[in-house]
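Subject: Structure handover

Hello,

Here is the structure for you to look over. My notes on it follow below.

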Amino acid sequence: MPAQSQALLTPHALYISGQLPALPSGELPSGSMAYKTSLCIANIRAILSASGSSISHVVKTTVFLTDMKNFAEVNGEYEKHFGVDGAPKPARSCVAVHQLPKGVEVEIECIALPGRGGDEGGTGTTQEMEEGERRVLNH
């Protein structure tokens, strides 16, 4: 059992735990930092989709790197996914850390607005939640 939830959905926000560059099988493949960043973001997209939200609803991200020399490559991939198609760019922090779980070089966490019926990616799920209720999402 993991020490944390993949995500917590509340009526006002979706909190997504840090996502590693892992394939759906859990495998941590080798490859460029751009590729590893894209895997982190693919995992974020999967959680957003499962919650009825979408990448355009992300309002804050935190990127963790074990070496800031990788910032430019990570940033190049990041910009392909966030703040595109007229969506605002989310607020972001980028932090250098000594090490990350499982020896990975990048991890990304985020906070998103819940999807709403009629919005891109929205299903109305959050409208069914009572004030103060929260749901745990594990994908």
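**E109 and strand β5**

E109 is partly exposed, with a relative accessible area of 29%. The classes work like this: buried is under 20% relative accessible area, exposed is over 50%, and partly exposed is in between (1.4 Å probe, protein chains only). E109 sits in strand β5. Helices (H or I, at least four residues) and strands (E, at least two) are DSSP runs, numbered from the N terminus.

Before going on, please note that this is a predicted model: local features need pLDDT of at least 70, side-chain atom pairs count only at pLDDT 80 or more, and totals for chains, interfaces and linings use all residues. Residues are numbered from 1 along each chain as its sequence is written, and side-chain values use heavy atoms, with hydrogens and water left out.

E109 is in contact (heavy atoms within 4.5 Å) with I16, S17, G18, K60, T61, T62 and F64, leaving out residues up to four places away in sequence.

E107 is buried yet has no salt bridge. A salt bridge here is a side-chain nitrogen of Lys or Arg within 4 Å of a carboxyl oxygen of Asp or Glu. The nearest side chain of opposite charge is K102, 11 Å away. For charge, Lys and Arg count as positive and Asp and Glu as negative; His and the chain ends are not counted. Beyond four places in sequence, the residues that E107 touches include C40, T62, L100 and P101.

**T62 and strand β3**

T62 belongs to strand β3, residues 58-65. T62 is buried, at 12% relative accessible area. Its side chain makes a polar contact with the side chain of K60, at 3.3 Å. A polar contact is a pair of N or O atoms within 3.5 Å; within protein, one must be able to donate a hydrogen and the other to accept it, and residues adjacent in sequence count only if both atoms are side-chain atoms. Outside four places in sequence, T62 contacts S93, V95, E107, I108 and E109.

**Helix α2**

Which residues of helix α2 are buried? In this helix (residues 71-78) they are V74, N75, E77 and Y78. They lie on the same side of α2, because they cover an arc of only 165° around the axis. The arc is that of the directions from the helix axis to the C-beta atoms. Their cover includes α1 (33-51), β3 and β4 (91-96).

**Cysteines**

The whole structure has zero disulfides (pairs of cysteine sulfur atoms within 2.5 Å). C40 is buried, with a relative accessible area of 0%. C94 is partly exposed, at 24%.

**Two loop residues**

D85 is in the loop between α2 and β4. D85 is not a glycine, yet its phi is positive, about 55°. D85 is exposed, at 83% relative accessible area. K102 is in the loop between β4 and β5. K102 is a residue other than glycine with a positive phi, near 60°. K102 is exposed, at 67%.

**The whole chain**

The protein chain has two helices and six strands. From the N terminus, the order is β-β-α-β-α-β-β-β. Buried residues make up 42% of its 139 residues. Of the contacts between residues at least 6 apart in sequence, 73% join residues at least 24 apart.

Best wishes
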